[in-house]
Amino acid sequence: MPWICGEPGIPLIVVLPTLQEAQTFCSDRESLFRSSRTLFLKPVPLDKDSIHDPAFSLERGETLSIWKAQKSGILVATPGSLLGPLKKSDSFFTITKGQIVHRDELVRWLTQNGFTRSDLVWSPGQFASRGFIFDIFNPGRSLPLRIEFSDEEVESIRVFQPNSQRSVGSMESMKLQGIKHARGLTLNDIIEPDHRILLFDPERIETQAETYIWLWNNLAEDAEDKISFSWHNFYLSLSKLQKLRIHNADTKRTRWRIPVEHCPPFRGNMDSLLSAIHQWQEDQFSIYLFTDNPVMQERLSNSPVNICSGSLSNGFIDLQDKRIVISDLEVSGVSNSWYSQRDFNPIPSDWQEGIQVGEYVVHREHGVALFQGLEKVSLDEHEHEMLVLEFAEGKRLLFPIFNFSKISSLSVIPGEEPELDVLGGKRWKNRLQKDRASAREDARAIINIFAHREMLEGYGFNEDSSMLGDFEKAFPFIETSDQLSAIESVKKDMENTIPMDRLLVGDVGYGKTEVALRAAFKAVDSGKQVAFLVPTTVLAQQHFQTFSVRFAGFPINIAYLSRFQKPREQKDILQRLREGQIDIIIGTSRIIQKDVTFRDLGLLIIDEEHRFGVVHKEKLKKEYSLVDVLTLSATPIPRTLSLSLQGLRPISILATPPENRIPVTTYVGPWNDHLVLEAVSRELTRGGQIFFVHNRVKTIYQRVETLRQMFPQATIADAHGQMNNKELEKHMLDFYAGTIDILVCTTIIESGLDVGRANTLIVDDSHEMGLAQLYQLRGRIGRRSQAAFAFFLYPRESVIGEESRERLEAMASLPGMGGGYNLALHDLKIRGGGELLGTMQHGHRSGVALDHYYHLLQEEIRKIRGEILKEPEIIVELESNIPASFIPQDNVRIVLYRKILRLASLKDMENLVQEIRDRFGTPPLSFRSFLDITRIRILSRETGLYNIRVSREEIRIEGPDEMIQDLFRGRSSWLTSSGYSVGPGGQKGLQYLISILKDRTESSTTFVS
């Protein structure tokens, strides 16, 4: 559609029916016309908070003002964009780099003009002040701004990402807009007679507009907030604008037709693509390919195709201008076209790092307590910040920040809160003795299993080839840091001759499949076969499609096998598998039956292992003991996760959300007709699709009919396991292609389905489903950059059991992103990890917190191996903390303390120090001391030192005499004797000690106590 507009010389408004289409239009236009700026007028999100939030109206008014000031250019809108309220501010505060600004005056202006103070800034209208750093989210901008002062002078103005809180750019000047008392604005106040308006599919625009008005008025609480006019009246009010209406279908009102056709799909078939290019060239067409895929750019570099960087949602054939435009969608079946502006702001990831005041924790030496935050204490003429725990009988324990690692969060089921331990009481000591004995027993078993595994001689796969490099470059998205780390770990495991048995845990949509794809490519590239085991036929079909698209253009043969295929087809696949003609086989448990044999199987990938029974998994262990195994799971069963956390199975965790991923908003409650009507209408209005889960085949058709009566304009289909396989496949593929609006289905869709436009999930009778099942269902939505909504409903008249209520409460409390691993941990803490050896998959071995038990286990393993047992005890007698004057917010300081004390390397340390300087400014002296002492902790972990005492006057170190002599030999400023050394203290002494420990680390001399 964007090519129709060309480069208009006058301001043009382009209206599309849905948010999805509008954002796609913006993305496509940015690729096609890079010199022309496209503005998008965001609609107000349809929820009660947003429609009453003046920041949204102000942001929209600013977008219109910018568009008008351009004198030419395109403003893209939806019906909701045009109908929603607009505001213009009359109060401004301009800040320029180098300007003198009184910070108190700035705070006063922000408060008086409607900005809200917050600990962290991620939504328009928020601000945070931390000494010389101000974070402000100006409603007129897409990203928040960070102002750094040098006293009263503005030193820098930076733009930062809300999720990471890291700066991504800089500015010379900014103009803040007051939110409070902003005046209302209408579209007619902005437009002028020479402006134009272009409407794509006017009938659908009108339908969507009326739905938007209906939803808005149902959410508005006061009559004055309601939209009091129809779309027809609004359209008539724009009479001074010249309009052009473009219809997708034939209509009697057509004045002329645009000779444009869809480009044919090639789905990875390079021979077919090259043949088409040759024919188009003979027919004298100009051919353009829009792609950021370097492999495809290189392959077609010597062809008559004009290669253009960028992504398009789809290609087209312009018969009038004899022009062919091809996109990644036609070439490979995947397009990475998306628009950078969002309709939702993500909550910063920092919020997931903290421990809340009042939360249950376990102290390793004293037992179960309540965390009560931070408290300042004066000791030795210095002010120290201490952690506070409350035990039984109201007794409190204050202990240094450096001992934060001694406490672990305790997962608590509502209504089953644990009893607090008595500070210094016998109960905790007795429990600790029992669990240490249990950990010792498990440690011996683990050591024996490791020894047995290391005796096995598997296959060491080849190092990465250039072809694998080409395959990796063809990935159409940006890998997360966790993905890259997991890929590297998997490759190292595969190159080792000890058979791999790695668990890959990642939230739904976090990129587990891409890790599996690269492992599979590496295996095939080494001459081995790959089996990909999945729990359902539908998922097998989707994975087969994904693999086919990603491996397009590479000499790799892929097939999928299931019981639904015809016997003759199955027989042919099995024969080719035996002969080695198939490189990768994807299928359900059918691929591990007796009649399935491989020529040379090298890698087994198991997707969602919790869906397979114990018997299946025990059989796999026996039959494929020398084959590398990669297990993928969003919510691993307790024993699998337990074995990985104990160190028995290597684990990789994908915890970083993909770029532009937004949390899923989750609602739990009784069935409500009005709520369902609102939720479905909202999704249809923005051009999305709906999963409606009704897990009873007998009554599923009744539910379909009910929904057809409620939404006559929507296309609705059903999907369940008792359907004819061809019919099921058709419905699933139609939904995947976007021709079905609402899919009424059973839990058949719970694993792996990836439908980018499906962003609303409604589950009725959710109280009858398991926690992992509910979580998997929620994972079907929110897999792109759109805000997504999950509704877990239960019959209003039903009595919900205690266990069901707890499951639903857990779903409501889990974060909308990255919660799968947390859910599995929650399940493990509640149900236990089962037997270390044997078939029991859950059950408790320990009465203490899970994290605490694994700490005991690691201690026992290291004892058996003769390794150093613990870090040196560090006693600090100088001021070493994060001052409240530097970061006033307690929650932010707690998160920062935890992040710093979890660091495992100096490289991670320096990355975090850069983040601190960016977000908070230059650390004061006491904070620098804290960071230096943390560096010393990291560097001294493998030295065998016992104690380090730091004061302003001196630093005293105790340890094995041989180690002390080795460290301080030739250090004139250090006095060394038997088993200890004393040197200069304070900041300079810390820096000196860091350099000594660095020298020893770089010399890599190993010493074991």
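Tutor: Start with the length of helix H15, residues 481–495. At 1.5 Å a residue, its 15 residues should span 21 Å, and the end C-alpha atoms are 21 Å apart, so the two values agree. Keep in mind that this is a predicted model.

Now its burial. Asp482, Gln483, Ala486, Ile487, Val490, Lys491, Asp493 and Met494 of H15 are buried. Seen down the axis of H15, these buried residues fall within an arc of 165°, so they line one face of the helix. An α-helix has 3.6 residues a turn, so residues three or four places apart point the same way. On the other side of H15, Ser481 and Lys492 are exposed.

What covers the buried residues of H15? The cover includes helices H14 (466–473) and H16 (512–525). Strands E26 (501–506), E30 (601–607), E31 (628–633) and E32 (651–654) are also part of it.

Next, a buried lysine. Lysine 406 sits in the loop between strand E24 (396–400) and strand E25 (407–409). Its relative accessible area is 18%, under the 20% cut-off, so lysine 406 counts as buried. The side chain of lysine 406 makes a polar contact of 2.9 Å with the side chain of glutamate 365. Leaving out residues up to four places away in sequence, lysine 406 touches Val362, His363, Arg364, Glu365 and Glu873.

Then the sheet. Six strands form an open sheet with parallel pairing, in the order E33-E38-E37-E34-E36-E35. Strand E33 (664–670) and strand E35 (716–719) stand at the edges with a single partner strand each, so one side of each has no neighbour in the sheet. On average, neighbouring strands of this sheet are turned by 20° against each other, direction ignored. Inside the sheet, four bridges join E37 (residues 758–763) to E38 (residues 788–794), and the two run parallel. Valine 763 stands opposite phenylalanine 792 in E38. Helix H23 (residues 725–737) lies across E34 (689–693), E35, E36 (742–745) and E37. H23 runs at about 130° to E35.

Last, an arginine. Arginine 778 lies in helix H24 (residues 771–778). Arginine 778 has 3% relative accessibility and counts as buried. The side chains of arginine 778 and threonine 666 are joined by a polar contact of 2.6 Å. Phenylalanine 792 comes up again here: its C-alpha atom is separated from that of arginine 778 by 9.2 Å, with the two residues 14 apart along the chain.

Terms used
Residues are numbered from 1 along each chain as its sequence is written. This is a predicted model: local features need pLDDT of at least 70, side-chain atom pairs count only at pLDDT 80 or more; totals for chains, interfaces and linings use all residues. Side-chain values use heavy atoms; hydrogens and water are left out. Two strands pair if DSSP finds at least two bridges between them. Axes are lines fitted to C-alpha atoms, for helices over the stretch in contact, and angles run from 0 to 180 degrees between N-to-C directions. Contact means heavy atoms within 4.5 Å. The expected span of a helix is 1.5 Å times one less than its number of residues. Buried means under 20% relative accessible area, exposed over 50%, partly exposed in between (1.4 Å probe, protein chains only). The arc is that of the directions from the helix axis to the C-beta atoms. A polar contact is a pair of N or O atoms within 3.5 Å; within protein, one must be able to donate a hydrogen and the other to accept it, and residues adjacent in sequence count only if both atoms are side-chain atoms.
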